[in-house]
Amino acid sequence: MEKEITRRNAVGKIAATIALAAVAPSAFAQTKNNPKSSTDPDLTDPTTKYPKPPFKRQFQPFPGLASKMIPVPDHGEESYVGSGRLTGRKALITGGDSGIGRAAAIAYAREGADVAINYLQEEEEDAAQVIALIQKAGRKAVAIPGDIRDESFCNKLVSQAVEKLGGLDILVNNAGHQKTHESILDISTEEFERTMKTNLYAPFWIIKAVLPHLKPGSCIIGLSSVQAYDPSAELYDYAQTKAATTSYVKSLAKQLGPKGIRVNGVAPGPVWTALQISGGQTQEKIEKFGAHTPLGRPGQPAELASIFVQLAANDASFATGQIYGAAGGSGQP
Ligand code: NAD
Ligand code: MG
């Protein structure tokens, strides 16, 4: 009997893997211990769960495609299992095509939410995979490409998401721009503006547009970073946007708490995403990416998905104004 169940699980797992591989091929599957019996603990060692440095040096022009990274990041395509925590919810995720936003989109859909994603036109290939995965989870998927550095587009993004989903109750301001510069003297005003517009103006415009649609119980999630607390010398502009994100999350939580709208942030450490290999880090840092963390490796987007689910779910009803970290042991605070 035990054998039969194990075999059935294995066959089911292989079938699911094959089905998903057609949509989103991953260079590595999550290595999960298969407990031999129901009394065996289901333990996975976080130090060996995912690839460690050294990584192959690689560069893609901004914004980069997750599907062309070596290794391809794990966004939970083959591993995230939902349990109805967000049934009937409606989410808009900026930058939902790849990386952390993609992991949130997959998890939200498998938890029962309809999901709209925004991304840049150049990311259509990654976005199409996410749309297929949301649909495969049996949920409504809406693709709204466009550049959020433009206020009128941000307004259009929200109105289209509301119209196509029939409302909105989760906003994840995840899109972000990061470019490494050795010196402040190398940052042009244009580049500084790109970072500010993407990371700060866009959330400001999108939140203003979304707010009239949010009912009590809704939530907003911002993307902060370890950079907010311990900024790198060569991320002068990016780091300050993440400190500002932490601040806007805490300010808005106070403003919107009485209206029953929760506002929280996620502060990742080094996570293996397209942002890093499309100008976010030097090639030297890509090679050693994540080596400095106590776990000895970068995080994978899939490892953050449950945080986004938790922050959006009704049972986290007392969590607002919080910043949840996931940094492999070396993040602050
Ligand atoms: P990613 O490149 O996969 O995602 C970022 C997304 O931002 C892109 O996919 C793109 O669609 C979107 N974007 C950028 N500029 C845009 C614009 N002008 N208009 C519309 N969309 C735009 O990388 P990621 O690491 O998953 O980044 C997601 C968030 O996580 C970002 O806010 C980033 O700052 C934050 N973060 C990442 C790390 C990390 O190590 N990867 C660490 C801390 C914080
Ligand atoms: Mg992308």
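Modeller: Before we start, a residue is called buried when its relative accessible area is under 20%, and what we are looking at is a predicted model.

Colleague: With that cut-off in mind, is Arg 89 buried or exposed?

Modeller: Arg 89 sits in the loop between helix H1 (2–23) and S1. Its relative accessibility is 8%, and because the limit for this class is under 20%, Arg 89 counts as buried.

Colleague: Which residue's side chain makes a polar contact with the side chain of Arg 89?

Modeller: Leaving aside neighbours within four places in sequence, Arg 89 is in contact with a list of residues that includes Gly 112, Asp 114, Asp 169, Ser 218 and Asn 314. The polar contact between side chains, at 2.7 Å, joins Arg 89 to Asp 169.

Colleague: Which polar atoms of the protein approach the nitrogen and oxygen atoms of ligand 1, and what share of the ligand is buried by the protein?

Modeller: A nitrogen atom of ligand 1 lies 2.9 Å from a polar side-chain atom of Asp 147, and a polar backbone atom of Ile 148 is 3.0 Å from a nitrogen atom of the ligand. On the oxygen side, an N or O atom in the side chain of Gln 276 is 2.7 Å from an oxygen atom of ligand 1. Taken alone the ligand exposes 820 Å², and the share of this that the protein buries is 98%.

Colleague: Which element gives the largest share of the shell around ligand 1?

Modeller: There are 31 residues around ligand 1, and among those that come nearest are Ser 98, Glu 123 and Gln 276. By type, the residues of the shell divide into 13 nonpolar, 13 polar and five charged. Helix H2 (99–110), strand S2 (114–119), helix H6 (236–256) and helix H7 (274–280) are the elements that give two or more residues, and the largest share, three residues, comes from H7.

Colleague: Which residue's backbone oxygen does the side chain of Arg 262 reach?

Modeller: Arg 262 is found in strand S6 (residues 262–268) and, at 8% relative accessibility, counts as buried. Among the residues that Arg 262 touches, beyond those up to four places away in sequence, are Ser 218, Leu 311, Ala 316 and Thr 320. The backbone oxygen that its side chain reaches, at 2.9 Å, is that of Ala 319.

Colleague: Against which elements do the buried residues of H9 pack?

Modeller: Helix H9 (residues 305–312) is mostly covered, with six of its eight residues buried. Those buried residues are Ala 305, Ile 307, Phe 308, Val 309, Leu 311 and Ala 312, and they pack against H2, strand S4 (170–173), strand S5 (219–223), S6 and strand S7 (323–326).

Colleague: Taking the chain as a whole, what share of its contacts with a separation of 6 or more is accounted for by residues 24 or more positions apart?

Modeller: The chain holds nine helices and seven strands, and buried residues make up 50% of its 333 residues. Of the contacts with a separation of 6 or more, the share accounted for by residues 24 or more positions apart is 78%.

Key. Residues numbered from 1 in each chain as written. Chains lettered and ligands numbered in written order. Predicted model: local features only at pLDDT ≥ 70, side-chain atom pairs only at ≥ 80, totals over all residues. Heavy atoms only, no water. Near = heavy atom within 4 Å. Polar contact = N/O pair within 3.5 Å; in protein donor to acceptor, adjacent residues only side chain to side chain. Areas by Shrake-Rupley, 256 points an atom, 1.4 Å probe, with all protein chains shown as cover. Helix = DSSP H or I, 4+ residues; strand = E, 2+ residues; numbered from the N terminus. Nonpolar A, V, L, I, M, F, W, Y, C, P; charged D, E, K, R; others polar. Buried < 20%, exposed > 50% of the residue type's maximum accessible area, 1.4 Å probe, protein only. Contact = heavy atoms within 4.5 Å.
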